[in-house]
Amino acid sequence: MRSDLERAGWRADDSGEGSPDVVIVNSCTVTRRADQESRQLIRKLARERPGARIVVTGCYAQRAPEEVRGLPGVALVLGTAERESIASIDALRAVAAGREGAAVEVAPGRARRAVTEASPLHFGRARALLKIQDGCDTFCGYCIVPYVRGRSRSLPREAVLEQARRLLAAGFRELVLTGADLGDYRDGHKRTGERGDLASLVEALLSLPAQGTPHRIRLSSIEPNKVDDSLLDLLATEPRLCRHLHLPLQSGSATMLRAMRRAYEPSDYARLVERAAASGPIAIGADVIVGFPGEGPREFAETLDFLRAIPVSFLHVFRYSERPGTRAATLDARPPAAVARERAALLRRLGDAKREAFARSLVGSVRGVVMEARRGKEGAWLGTSDLYTTVAMTRRPAHPGPFQVRIEGRDGDVLRGTPVGEPPARPEEAVSER
């Protein structure tokens with residue numbers, strides 16, 4: 001949105017001390033807490049910037065536009081489709097000029113639309129997010145995303161490659177592929193060739209000419225039933241595809257997975273994780289929901305035992321949050337809130353133990369690392385490994401990466417290491433602040 005608005009002549013106020021005409025809030029609605037945090041932010045902005053017109057967009061605005069319009073200071077509510085073309089919204093200009101009262105422009109959430117070829121998001125010294133897909137057609141029982149993000153759609157392959165070329169030319173060395181349902185990526189609306197579309201796209205991205213040091217690709221969260229053989233083969237054989245999978249599990253109980261309308265069994269998930277881990281060290285993260293309607297002691301015990309047994313390296317644990325309009329919102333037999341909190345705490349302790357064991361297993365190894373913009377304790381240079389672990393280095397590398405680092409120890413989750421096979425950068429050869 002910022003890129004689109006700046007190209008249209010708007011100017012961003014980065015100082016935090018100015019008096020902007022418009023403040024744009026991009027909201028989330030994935031949980032009840034996300035709704036609450038959006039409301040709190042809007043009320044805070046209304047207090048702190050009484051002269052600014054507040055424009056709210058994003059998923060909460062899409063789901064409950066009238067509720068959002070009633071919040072203090074809100075002058076315009078835009079949905080997720082309008083967000084993708086925000087610079088062309090006439091009502092935004094009218095609001096900025098103070099010519100309109102509170103207005104709502106929200107198209108139906110499930111309307112078919114093309115994925116927007118937006119500017120990629122840059123972060124860190126050498127890493128950038130590249131959005132290649134949006135929307136979802138899966139309709140899991142608990143999830144509001146399909147209702148607010150629209151139908152599944154993908155950025156055409158050539159558009160992805162062109163954005164990647166620009167990022168590589170600008171000096172980025174890790175491209176993180178993202179999407180609301182990344183594994184559903186299609187080049188257009190049909191599968192191409194014998195290999196899966198996502199694996200084929202990764203190969204094409206890796207074949208782009210190197211701009212100095214070789215680049216690497218990382219996958220963001222991907223549904224376990226959409227990791228096909230071609231993608232697993234690439235993970236096993238292509239060192240420039242980061243060995244990191246974020247695979248939402250949600251429950252280790254077959255009964256709960258069916259109630260959640262997930263398209264796999266625990267045994268399917270376990271086979272996928274074991275196959276991915278068979279080709280060497282790999283960081284595998286799992287999302288887990290506790291307190292879903294119908295989850296009793298037996299179902300939770302099945303989840304706990306399942307996660308203890310499989311080689312995942314980190315857990316993201318959530319308590320079930322009812323979303324209006326979803327199938328799960330009609331279900332009864334929710335565990336008491338205190339029980340859900342206790343179960344979440346147990347799983348988080350297990351996740352901490354698995355994360356620590358994974359970090360400990362990496363001491364003595366050599367991993368590929370790219371630089372981050374931030375500095376660590378005592379001025380250490382920070383990077384991100386192919387296994388999605390933070391690595392602190394007392395010696396600055398000669399370039400942003402990827403470069404090889406010998407892991408010599410750890411401080412909690414942060415690994416300590418030294419770049420190998422290259423001289424340190426001289427003071428006049430500052431690593432790009434990108």
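The largest cavity in this predicted model is lined by 11 residues, and Gly183, Asp197, Leu198, Lys226 and Asp228 lie nearest its centre. Local features here need pLDDT of at least 70 and side-chain atom pairs count only at pLDDT 80 or more, while totals for chains, interfaces and linings use all residues. Residues are numbered from 1 along each chain as its sequence is written, and side-chain values use heavy atoms, with hydrogens and water left out.

## The cavity and a pocket

On a 1 Å grid over the protein atoms alone, a cavity is a set of points where a 1.4 Å probe fits but cannot get out; a pocket is an open set with protein on both sides within 12 Å along at least five of seven lines; and lining residues have an atom within 4 Å of a point. Volume is the space filled by probe spheres set on the points, which are joined across faces, edges and corners.

A search of the whole structure turns up one cavity of 30 Å³ or more. The largest cavity has a volume of about 60 Å³. Helix H9 (residues 197-206) gives the largest share of its lining, three residues. Helices (H or I, at least four residues) and strands (E, at least two) are DSSP runs, numbered from the N terminus.

Now turn to the second largest pocket, which holds about 660 Å³ of space. It is lined by 17 residues, and Arg11, Ala12, Asp13, Pro20 and Val22 are the closest to its centre. Helix H1 (2-7) and strand S1 (22-27) are the elements that give two or more residues to this lining.

The expected span is 1.5 Å times one less than the number of residues. In H12, Pro266, Tyr269, Ala270, Leu272, Val273 and Ala276 are buried. Seen down the axis of H12, these buried residues fall within an arc of 160 degrees, so they line one face of the helix; the arc is that of the directions from the helix axis to the C-beta atoms. Buried means under 20% relative accessible area, exposed over 50%, and partly exposed in between (1.4 Å probe, protein chains only). Among the elements that the buried residues of H12 pack against are helix H10 (229-237), strand S11 (283-290) and helix H13 (297-309).

Helix H8 (residues 157-169) has 13 residues and reaches 18 Å from its first C-alpha to its last, close to the 18 Å expected. Its buried residues include Ala159, Val160, Leu161 and Gln163. Just after H8, glycine 171 takes a positive phi of about 110 degrees.

Arginine 343 is found in helix H14 (residues 337-362) and counts as buried because its relative accessibility is 9%. Not counting residues up to four places away in sequence, arginine 343 touches Val290, Glu295, Gly296, Pro297, Phe300 and Pro335, where contact means heavy atoms within 4.5 Å. Arginine 348 also lies in H14, but is partly exposed, with a relative accessible area of 41%.

Alanine 259 sits in helix H11 and counts as partly exposed at 21% relative accessibility. Leaving aside neighbours within four places in sequence, alanine 259 is in contact with Phe292 and Arg327.
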